[in-house]
Amino acid sequence: MTDLTTSEAERPAMQKPVIDVSGVDLTFQTNDGPIHALKDVNLEINKGDFVSFIGPSGCGKTTLLRCIAGLETPTGGTLTVNGLSPNEARKARSYGYVFQAAGLYPWRTIGGNVKLPLEIMGFSKEEQIRRVRKVLELVDLEGFEKKYPWQLSGGMQQRASIARALAFDADILLMDEPFGALDEIVRDHLNEQVLKLWARTEKTIAFVTHSIPEAVYLSTKIVVMSPRPGRITDIIESPLPKERPLDIRDSAEFIEIAHRVRDGLRAGHEG
Amino acid sequence: MKLRQSAFPILTVIAALLVVWYGATIKMNSTWTYDQAARAGTEPSFSEVVSDTMQQSRPLLPAPHQVVSELWKTTVEKKITSKRSLVYQGIITLKTTLWGFTLGIFIGVSLAAIIVLSRVGRLSLMPWAIISQTIPIVALAPMIVILSNAAGAGTLLVPKAIIAAYLSFFPVMVSMVKGLSSPDHMQLDLLRTYGARPNAVFWKLRVPASMPYFFASLKVSVAAAFVGAVVGELSTSAIAGLGARMLIGSQFGEPMIMWAALFAAAILAGLLIFTVGGVEKILRRAMGGRAV
């Protein structure tokens with residue numbers, strides 16, 4: 001497996017996508033009749049990509065992420081993660097998932113919370129300690145290991161939940177509006193940190209957001225979605241360099257991409 | 001500061017109760033005083049009536065100071081090996097209560113776990129648990145005693161503990177059903193992303209999340225176990241325990257014994273609830289809770 005990925009990395013043109021979504025449909029049966037949450041979604045996410053899903057609420061961006069995570073099952077089409085079905089990938093612990101709310105256990109310390117997936121997955125005690133230390137350092141939370149969640153600010157709690165998702169070192173990180181509930185200053189700071197983290201760990205990240213600047217600032221690929229039925233209206237490959245200081249957001253390129261995203265969102269809304 | 005703030009309202013209520021109690025003592029016991037006086041052909045003054053109502057040996061309603069002095073006599077001045085000692089009887093009741101409480105917690109938690117983890121359990125157990133609480137325990141207690149005796153478990157501790165458990169399991173069960181199902185979708189999904197087995201979901205998420213509900217139910221449950229223990233003592237033909245003292249007091253026309261036992265029971269129940277509250281506080285702190 002390792003050999004395969006390295007040899008493929010040498011030939012990027014032939015690279016197999018890490019996440020391959022093709023013709024995916026999802027219809028929820030409700031008491032008020034069927035709801036078409038996703039319709040004919042096609043998308044390839046390659047190794048090391050930072051992909052954002054953006055769109056108004058009800059466009060199915062979270063649902064798509066949950067399908068990739070194997071938390072929802074599509075009613076049509078095929079979807080593979082690392083070449084496996086989403087359910088198999090989930091059981092093989094192929095991804096870390098960050099939710100909208102930090103959802104830390106109030107009865108565990110920060111260290112204890114980060115340790116949770118490691119305990120469940122059966123890592124040895126020494127390995128648990130080593131990894132907790134490593135990921136807490138990765139999200140700038142060294143020294144907070146023994147604190148309880150209520151002693152931390154909202155932004156720090158969300159960082160701890162990212163550390164928890166990173167602890168078992170899956171190649172894929174799925175993030176569902178992780179900074180949606182935070183104020184803009186904290187959000188800017190965390191966006192910067194996520195980019196640094198991405199550069200350091202070289203993970204494949206799928207990121208749901210409803211903020212245009214956030215999507216443009218973070219992504220190598222922006223997936224614009226629209227509601228009723230949830231579908232992809234535009235996929236934008238970002239020409240921005242990998243190195244992105246916060247003031248890149250004032251550059252002409254940045255504004256141009258943001259403009260295209262906004263156009264995509266508007267078109268989807270009218271259509 | 002906190003103590004002084006809460007002490008004032010409590011003392012006010014106690015003072016008001018004492019006033020009412022003394023008033024009622026005079027009113028209720030004066031009939032006997034007037035009867036005695038009429039029989040002797042005397043005409044007592046009001047102050048004579050009042051002082052007489054405070055010191056009758058078998059009053060309808062004993063005055064507070066009479067109850068306190070009886071309590072003192074039967075707790076501090078009596079040897080605790082004496083059957084007339086309320087400490088001796090109180091320990092018996094306490095033992096029954098704790099056995100019933102423990103059994104009740106065990107039954108309540110087990111039923112709640114079955115109800116939360118299985119649909120069949122939920123549909124089949126919950127209605128019966130609710131119905132069980134609609135049957136008056138006084139009607140059921142003698143049957144439990146007879147059954148326990150027939151099963152060779154005696155008529156003393158076992159049936160009384162079962163009666164206490166019968167009352168105390170319910171609050172624990174109801175709270176634990178709520179507590180074990182308190183984790184929301186997001187928290188359950190998080191564990192699914194780890195590929196966690198149901199076992200891990202139960203022990204790592206459901207059980208710790210249920211603890212606040214558990215502690216809240218313990219205070220109700222320990223009081224219920226205590227009431228169950230006393231009811232059990234009343235139904236086992238009054239051999240031992242505070243309930244037996246109350247029954248003896250009422251059967252032999254010794255109001256002082258009855259009232260002293262009643263107050264001893266109230267004090268014991270208060271101590272139990274206070275202890276459970278203390279344990280709760282310690283464990284809450286150990287689980288990272290904010291100091292309340």
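**View 1. Strands S8 and S9 of chain A lie side by side in antiparallel pairing.** Strand S8 covers residues 221-226 of chain A, and 6 bridges link S8(A) with S9(A). Two strands count as paired here if DSSP finds at least two bridges between them, while helices (H or I, at least four residues) and strands (E, at least two) are DSSP runs numbered from the N terminus. Look for A:Lys221, which sits opposite A:Glu237 in S9(A). Please keep in mind that this is a predicted model, in which local features need pLDDT of at least 70 and side-chain atom pairs count only at pLDDT 80 or more, whereas totals for chains, interfaces and linings use all residues. Residues are numbered from 1 along each chain as its sequence is written, chains are lettered from A and ligands numbered from 1 in the order in which they are written, and side-chain values use heavy atoms, with hydrogens and water left out.

**View 2. Six strands of chain A form an open sheet.** The order is S5-S6-S7-S3-S8-S9, and the pairing is mixed. At the edges are strand S5 (95-98) and strand S9 (231-237) of chain A, each of which pairs on one side only. From one strand to the next the twist averages 15°, with axes taken as lines fitted to C-alpha atoms (for helices, over the stretch in contact) and angles running from 0 to 180 degrees between N-to-C directions.

**View 3. A hairpin connects S1 and S2 of chain A.** Strand S1 (residues 19-30) and strand S2 (residues 33-45) of chain A are antiparallel and share 9 bridges. A:Asp20 faces A:Glu44 in S2(A).

**View 4. Helix H6 of chain A is largely enclosed by the rest of the structure, because 11 of its 13 residues are buried.** Buried means under 20% relative accessible area, exposed means over 50%, and partly exposed lies in between (1.4 Å probe, protein chains only). H6(A) spans residues 154-166 and reaches 19 Å from its first C-alpha to its last, close to the 18 Å expected at 1.5 Å a residue; the expected span is 1.5 Å times one less than the number of residues. Its buried residues include A:Met156, A:Arg159 and A:Ile162. The partners that the buried residues of H6(A) pack against include helix H5 (125-138) and helix H7 (184-201) of chain A, as well as helix H8 (185-193) of chain B.

**View 5. The largest cavity holds about 60 Å³ of space.** The structure has 1 cavity of 30 Å³ or more. A cavity is a set of points, on a 1 Å grid over the protein atoms alone, where a 1.4 Å probe fits but cannot get out, and lining residues have an atom within 4 Å of a point. Grid points are joined across faces, edges and corners, and a volume is the space filled by probe spheres set on the points. Among the lining residues are A:Arg159, A:Ile162, A:Phe179 and A:Leu190. H7(A) gives the largest share of the lining, 4 residues.

**View 6. B:Asp189 is a buried residue in helix H8 of chain B.** Its relative accessible area is 8%. Neighbours within four places in sequence aside, B:Asp189 is in contact (heavy atoms within 4.5 Å) with A:Arg66, A:Leu71 and A:Phe99.

**View 7. B:Gln56 lies in the loop between helix H2 (46-53) and helix H3 (64-77) of chain B.** B:Gln56 is buried, at 5% relative accessibility. Leaving aside neighbours within four places in sequence, its contacts include B:Trp32, B:Gln66 and B:Met256.

Technical notes:
On a 1 Å grid over the protein atoms alone, a cavity is a set of points where a 1.4 Å probe fits but cannot get out, and a pocket is an open set with protein on both sides within 12 Å along at least five of seven lines; lining residues have an atom within 4 Å of a point.
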